[in-house]
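Please look at the sequence and structure below before reading on.

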Amino acid sequence: MPSPAGPPPHPDYRFSLANERTLLAWLRTGLALVAGGVAMTQFVPELGFPAGGPAVSVGLLLAGLWTALAGYRRYVRNERAIAADQPLQPSVAARWVTGLVAVLVVALLVLVVAEVVRR
């Protein structure tokens with residue numbers, strides 16, 4: 001008579017802890033973008049043109065929000081895959097965040113150059 005199968009083995013906790021550390025890195029990045037947006041509002045109200053500072057601030061705030069949400073979504077998806085012993089899905093969020101930050105940096109660079117030329 002075959003013996004009854006025991007409970008399924010639990011995945012190694014190190015994978016879940018590494019996934020949690022990755023989530024915290026995404027949240028720190030999002031918080032840094034939000035802090036940059038708040039700093040832009042406080043210290044650079046006009047940059048190149050009257051709405052320059054606020055435009056970059058809104059972009060940074062939205063990028064921070066999107067980064068935090070994308071990190072959480074990635075965390076949940078990876079936790080499910082770890083628990084089911086499935087391969088992790090590749091994340092396109094990192095590419096999007098990198099592109100978004102690059103666009104914001106270029107916009108900020110253009111506004112700084114416009115401010116310097118205007119003076």
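Contact means heavy atoms within 4.5 Å. This is a predicted model, in which local features need pLDDT of at least 70, side-chain atom pairs count only at pLDDT 80 or more, and totals for chains, interfaces and linings use all residues. Residues are numbered from 1 along each chain as its sequence is written, and side-chain values use heavy atoms, with hydrogens and water left out.

**Confidence**
- The protein averages a pLDDT of 86 (the predictor's confidence in each residue, from 0 to 100), and 91% of the residues score at least 70.
- Confidence is highest in α1, with a mean of 92, and lowest in α3, with a mean of 86.

**Helix α3**
- Helices are DSSP runs (H or I, at least four residues), numbered from the N terminus.
- α3 covers residues 93–118, and its 26 residues reach 37 Å from first C-alpha to last.
- A93, V97, L104, L111 and E115 of α3 are buried (under 20% relative accessible area with a 1.4 Å probe, protein chains only; exposed is over 50%, and partly exposed lies in between).
- The cover over these buried residues includes α1 (13–43) and α2 (52–83).

**α1 against α3**
- W26, L33 and M40 in α1 meet A93, A94, V97, V101 and L108 in α3.
- The two helices, α1 and α3, pack at about 20°, with axes 13 Å apart.
- That angle makes α1 roughly parallel to α3 (angles under 35 degrees count as such).

- P90 sits in the loop between α2 and α3, and P90 is exposed at 66% relative accessible area.

How values were computed
Expected span 1.5 Å × (residues − 1). Axes fitted to C-alpha atoms, helices over the stretch in contact; angles between N-to-C directions. Parallel < 35°, antiparallel > 145°, perpendicular 65-115°, else oblique.
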